[in-house]
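Reader: I have a model open and want to learn to read it feature by feature. Can you take me through it?

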Amino acid sequence: MGCGVTKNSEFNKRFDKDGNAIPAAITMKAAVLIQRWYRKSAARMEMRRRYTWNIFQSMEYADLQDQIKLYNFLGYLMDNFTPSSSERKLISHIFRENEVCRDAEWERYFSYTNIDVPDIYSGPRLTFPLDMDQAADLLEAFKNKQQLHSRYVLQLLLETWKLLRVLPNINRVSTCHSKEITICGDLHGQLEDLLLIFYKNGMPSMEKPYVFNGDYVDRGKDSIEVLLILFAFLLVYPGDVYLNRGNHEDHIINLRYGFTKEVLSKYKLHGKRILKLLQKIFSWLPLVTVIDQRVLIVHGGISDTTDLSLIARVDRHRYVSALRPPKRKTPSRANVYADSERYDEMLICKNRRGSLTFPKTFGARESFQRRSLQDFSSTVARTLEQELEVRHRQAEFSLSSFSKSHRILSSTLSSDSEPESSEFADTSNDEWKQILDLLWSDPMSHSGCIPNEVRGGGCYWGPDVTEDFLNRHNLQLIIRSHECKQDGYEFCHNRKVLTLFSASNYYEVGSNRGAFVRLGPDLVPYFVQYQATSTTRGLSFPQSVKRTEHTALKVLREQLFVHKSDLLSAFQEIDKENTGLICLTDWASAIERVLHLDLPWQVLHPQLVSSTTDGKLDYHRWFRDLALKKPSSEHIEQSMLETLYRHRSTLETIFRIVDTDNSGFITFEDFRQTLKLLSAYLKMEISDEVINELVISTDTNNDGSIDIDEFMEAFRLVDKSRLERGKSLLKLKQDNQSLPQETETPQTVDSTFPQTSQCPALQTADPPASNTADSASSQTAIPPASQTADPPGSHTEDSSASQTEDLCHISLVVPPQ
Amino acid sequence: MFVKFIEIHNFLLSENIITETQKRISNAFDVFDHESNKTVDVREIGTIIRSLGCFPSEADLHDIIAELEEEEPTGFVRYEKFLPTMTKILLERKFRPITEDLLLQAFEVLDQQKKGHLEPEELTKYLTQEGEPFTQEEMDEMLSAAVDPDKNVILYRDFVSMMTFDDTR
């Protein structure tokens, strides 16, 4: 086989430095050498590009998993309250929409007429009905980084809403008159890409129809601008611009992925109303588009039960968020009305089950099975059952089929036979699943159709499902988006499914191209790829790979850093003799056990590990090296720093959810309720007094409410100085208010505070006894719930407690009085 | 007895090497295993092998792929087949690496007038006509990384050091 490599000496022998003619054979050998070397380098480069991609995708999915856990917690919030409890108010407050049914009321709420536009405002002043020039002006204004005044935003959105309401669920488009239709995928708030598309392809018009396939918002920084442009063109050319709904057109998703934040910060005064209006608009976006009755365009995909005739009939606006059950219809019978609240909540409980919890099945992404999603679901399901039993006795509804309720953990949502609601529940569950599938599914290469556990909604569907679906509906191609692709687009399922992604540089500058596709009457796709950002134009392929890799590795190092405690335990488990050294194979498997990212650690290790001795890694030193790359925060203890980094998004999302009016503040009462629920969820027993203290102490600026910074602080381990501040604050309050007697509290605390073994995450300090010794002073000692000086490695976890795994790592700060 | 001991020792040592090697192969394979079902597209085999530090010629590669494919070619290569073949290749160190010196000498051979640089056309001619010819795509890719944008020539010394510097073992 291999002909080997010529030795140096051979080369030297024939190499003529005096410029004599060199035999052709040498030239050939030289060429071969260079070719081989280059091909090897290119392969290495490709390898790096691939695993960089894998890193980003894994992180994205890992984040989704966190999101799922959050939703499970929220689900718990919804399910676990008793009718008499006051928590119920908070929950319905959080999860109920303002059921203002009459349109007139809505119009009043969203009225823009009393909003004045100051003379100094230099942005576009829109007049309705909009025309092409105004749309072009709007585009120009956004290009110049101007912001549209909230009055016009509201007006534009209202007009959009009015238009969307009369559109069908299925847009039907035709390529007659030799029109080419342009189709775009995910934009994710990347205005530059939209501008680039219009630049390359022309703006929408009667001669240039466009279909936009969802995910206009979140992640990118110009989501609202992207949305406004698309809506403007929709209003100007309602017969030539088609918008599909994506899974990010969903206010609960927006809470986490940045759109809510963006709107609130850009529109401080009217942001709330804008968001509320957008909630309605999103629910009114059509679900799919069909071209020439041959090509289906949908954001996510299909499942084996997708049925377009059913889709055509649903009341799509009832499905405001994929993660919440459908809004109930107004009850027809008067006597039911009185119990409607309770009825509603029960419905919510039942219907919610099916959305996020799926049974543990085999699947393409095997590794994600190890996540405790299943544990979550079974925990919550049990509680649901208990809760419902209680309510059964109280409510006198016939709950014969409720034993089935926790078996709603199957891909088809079963019907619950509630007497008043049997039909309603049935069809709405089916419909809900249909919509989830459309917006959340991903294709896979195996045959069949399995629930999409990674995303928590929709399915993975195989080529056989595609074939069947296309035949049944007499279609020839499915165009979908939802997944980022290196080259902006990718075919699969025998070229019957096309994934189209229009947000370039999605993960990082240079990470991927965006693409759009044109379809003429022959329905043969013509692709255009692009990459926004001027900086990438100068980069060669190796350079852009390097850059993207750099970012991916940085992100990965961060993840390793925030999991230090767990990793350390894992290493020490292997390194029983405590040598401080571990071989690479063990290093790799330990990391995989802790992080579950399914990455090729052996391939990555040169990038993550600076040096090894005899193939062994000094892991303490390695952690120190990792830490060096982080910003230092001396006040914050390691494990809490980890917690903070790990849970920042989740905590922020919780805050935003509790802050229903999007004011940026939550009331003491809401915070108190949230803490109570959180502690119940985490199976921590904390007395009301302790919670009260916590609430008061969290309000560090003493303005009577809690803003997001204070909220985050509450979940952080305090540094000593803050502890002192808390102490003195409380002392102040103690002097001013009457608080429970000192002598009573130690006993209460003793009995209610859990031992470390029960809830490992709640790292209790020294046992209460030692603290009571301090109570000689006027302050009662309540042991801090969080531990400042926890010895490393004691942060061990029981796998049985893993259902509360990640959320449990939040420690509550209870400063001693 | 002593000899036996050494044999056993060598055997154990080699076992270790084999395991580490196999881990490397498995990891590299996984990067390209998109469906996580222990198969890769046959067209990626060259990339995988090269990324593991081997330099088979195109001819060699053809032979390897022929060995790896199923009786009825599916377009995919299974890990079960890939692992033993690749292990053998790596352990036998069939394809040794190319040093930087050798590489530079190769460029110098092509640089007949000893200018210290190469014109894009020159390099293109050599690499697309001689030896194991590059495809147009490969040539374009190389040129985009190799050509100095200001001078429009290939400063091969710089190019080689840039490429070999990044290349982590």
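**Reading the model**

Author: Start with one residue: Gly239(A) sits in the loop that links helix H8 (223–236) to strand E4 (241–243) of chain A. Keep in mind that this is a predicted model.

Reader: Now Thr260(A). Where is Thr260(A) placed in chain A?

Author: Thr260(A) belongs to helix H10, residues 259–266. Thr260(A) is buried, since its relative accessible area is 4%, and buried means under 20%. Its side chain comes within reach of the backbone nitrogen of Leu255(A), at 3.3 Å.

Reader: Which residues are in contact with Thr260(A), leaving aside neighbours within four places in sequence?

Author: His251(A), Asn254(A), Leu255(A), Leu275(A) and Asn662(A).

Reader: How should I think about a nonpolar core?

Author: The general idea first. In soluble globular proteins, nonpolar side chains tend to be buried together. Here, the largest nonpolar core has 64 residues. Leu148(A), Phe212(A) and Leu278(A) touch the most other members. H8(A) gives the most to this core, 12 residues.

Reader: What is Leu278(A) in contact with, beyond neighbours within four places in sequence?

Author: Leu278(A) is in contact with Leu157(A), Ile224(A), Leu227(A), Phe231(A) and Phe259(A).

Reader: Take Leu157(A) from that list. Which helix holds Leu157(A)?

Author: Helix H6 of chain A, residues 150–165. Leu157(A) is buried, because its relative accessible area is 0%. Leaving aside neighbours within four places in sequence, Leu157(A) is in contact with Leu228(A), Phe231(A), Ile274(A), Leu277(A), Leu278(A) and Ile281(A). Leu157(A) and Lys280(A) are 123 residues apart in sequence, and their C-alpha atoms are 10.0 Å apart in space.

Reader: Next, rings. How is an aromatic pair described?

Author: By two values: the distance of the centres and the angle of the planes. Over all chains, the structure holds 25 aromatic pairs. Tyr506(A) and Tyr507(A) make one that is tilted, at 5.2 Å centre to centre and 55° between the planes. Tyr506(A) is buried, with a relative accessible area of 13%. Tyr507(A) is also buried, at 15%.

Reader: Which residues form one aromatic cluster?

Author: Trp37(A), Tyr38(A), Phe107(B), Phe134(B), Tyr156(B) and Phe159(B). Both chains contribute to the cluster.

Reader: Which lysines lie over the face of a tyrosine in chain B?

Author: Lys38(B) lies over the face of Tyr79(B), 5.0 Å from the ring centre. Lys125(B) lies over the face of Tyr126(B), at 5.2 Å from the ring centre.

Reader: Last, chain B as a whole. How many helices and strands does chain B have?

Author: Eight helices and two strands. Along the sequence, the pattern runs α-β-α-α-β-α-α-α-α-α. Chain B has 169 residues, and 45% of them count as buried.

Reader: What of its contacts and surface?

Author: Take chain B contacts between residues at least 6 apart in sequence: 55% join residues at least 24 apart. For the surface, chain B exposes about 9500 Å². Carbon and sulfur atoms supply 54% of that area.

Key. Residues numbered from 1 in each chain as written. Chains lettered and ligands numbered in written order. Predicted model: local features only at pLDDT ≥ 70, side-chain atom pairs only at ≥ 80, totals over all residues. Heavy atoms only, no water. Helix = DSSP H or I, 4+ residues; strand = E, 2+ residues; numbered from the N terminus. Buried < 20%, exposed > 50% of the residue type's maximum accessible area, 1.4 Å probe, protein only. Polar contact = N/O pair within 3.5 Å; in protein donor to acceptor, adjacent residues only side chain to side chain. Contact = heavy atoms within 4.5 Å. Areas by Shrake-Rupley, 256 points an atom, 1.4 Å probe, with all protein chains shown as cover. Core = buried A, V, L, I, M, F, W, Y, C linked by side-chain atoms within 4.5 Å. Phe/Tyr/Trp six-rings, centres within 6.5 Å; stacked < 30°, edge-to-face > 60°. Lys NZ or Arg CZ within 6 Å of the ring centre and 35° of its normal.
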